[in-house]
Amino acid sequence: MRPAFLNPGKANLRINRRDVLGLCVAAVGINAMRLASANDRTILVFAAASLKSALEDIATAYTKATGTPITLSFAASSALARQIEFGAPADIFISANVGWMDRLERAGLIDPASRSNLAGNELVLIAHDRTLPSVDFSAAPDLKALLGNGRLAMALVDAVPAGIYGKTALSGLGLWEPLAERIAQTDNVRTALALVARGEAPLGIVYATDALADDRVRVIGQFPRLSHPPIVYPAAAIARKKGDGLALDFLQFLSGPEAQGTLRARGFRVPAD
């Protein structure tokens with residue numbers, strides 16, 4: 001079954017972005033509450049979808065070392081943050097940008113003392129067709145021509161961090177306007193990756209780590225770092241769990257050498273680099 005995605009260029013598609021995000025929020029919340037009730041000693045981590053592969057490895061290592069199970073709930077940072085605002089029983093939140101973490105901190109929903117930057121990432125252009133040439137963003141590439149009759153897969157450009165970074169980069173490079181009607185927007189960056197991997201979109205904008213996670217795509221260009229804000233993953237304990245030693249212990253494990261090594265091996269930049 002083909003994944004659903006938003007296509008603003010189609011007049012007959014009447015799906016509002018907020019409606020889609022609301023559905024994502026509801027689904028995340030229902031699943032999270034079911035998972036949290038399963039085991040009182042389970043640490044429930046809400047994390048950006050782009051962290052999936054790395055965090056699954058880290059959680060397995062932590063549980064093996066401590067015996068404490070970790071439940072991971074992945075989605076767009078925007079959907080996760082809004083679910084926390086609605087009272088979802090998460091213990092830890094890891095965002096793909098500082099904006100959503102800042103929002104929760106201003107609302108008093110995270111423990112500021114527990115907050116730290118876990119990792120960093122890069123933004124890349126990927127292709128399904130391995131014969132496409134590499135793209136030099138310093139030379140004003142004609143991405144519209146590379147798309148042919150297809151569309152550029154991106155996470156929601158007004159809400160999801162990967163989409164926000166992507167739109168900012170394209171705008172700063174003078175490429176957004178020609179492409180605005182050719183964007184296939186998805187609810188998170190991993191769905192954008194899947195569209196390209198399956199050949200349903202010829203090009204996509206994802207994180208460098210996402211591209212490494214699927215050998216059906218090829219990176220054909222890396223966006224200049226100065227074309228968008230730094231891609232940073234802040235992590236923090238939820239405020240109502242402030243005194244919960246389990247959450248704080250896992251956060252400490254995340255900043256330790258084993259977890260940081262896993263993140264580095266998965267293509268993330270870590271603070272020590």
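A residue is termed buried when its relative accessible area is under 20%, exposed when it is over 50%, and partly exposed in between (1.4 Å probe, protein chains only). By this criterion, buried residues account for 52% of the 273 residues in the protein. The model is predicted, so local features need pLDDT of at least 70 and side-chain atom pairs count only at pLDDT 80 or more, while totals for chains, interfaces and linings use all residues. Residues are numbered from 1 along each chain as its sequence is written, and side-chain values use heavy atoms, with hydrogens and water left out.

**Overall architecture**

The protein contains 11 helices and 10 strands; these are DSSP runs numbered from the N terminus (helices: H or I, at least four residues; strands: E, at least two). Contact is taken as heavy atoms within 4.5 Å. Of the contacts between residues at least 6 apart in sequence, 77% join residues at least 24 apart.

**The five-stranded sheet**

Five strands form an open sheet in the order β2-β1-β3-β10-β4, with mixed pairing; two strands pair if DSSP finds at least two bridges between them. The edges are β2 (70-75) and β4 (116-121), each of which pairs on one side only. On average, neighbouring strands of this sheet are turned by 20 degrees against each other, direction ignored. Strand β1 (residues 43-48) runs parallel to β2 and is joined to β2 by six bridges. Within this pairing, Ile43 stands opposite Ile70 in β2.

Helix α3 (residues 77-85) lies across β1, β2 and β3 (92-94) and runs at about 140 degrees to β1. Such angles run from 0 to 180 degrees between N-to-C directions, and axes are lines fitted to C-alpha atoms, for helices over the stretch in contact.

**Packing of α2 and α10**

Helix α2 (residues 52-66) and helix α10 (residues 245-254) have axes that come within 11 Å and cross at roughly 120 degrees.

**Salt bridges**

A salt bridge is defined as a side-chain nitrogen of Lys or Arg within 4 Å of a carboxyl oxygen of Asp or Glu. The whole structure holds 12 salt bridges, including those tabulated here.

| Pair | Closest N to O distance |
|---|---|
| Arg115 and Glu105 | 2.7 Å |
| Asp214 and Arg216 | 2.8 Å |

Arg115 is in the loop between α4 (98-106) and β4, whereas Glu105 is in helix α4, so this pair ties together parts that are 10 residues apart in sequence. Arg115 is partly exposed, at a relative accessible area of 23%, and Glu105 is also partly exposed, at 31%. A network of salt bridges links Asp102, Glu105 and Arg115.

In the pair of Asp214 with Arg216, Asp214 counts as buried at 12% relative accessibility, whereas Arg216 is partly exposed at 40%.
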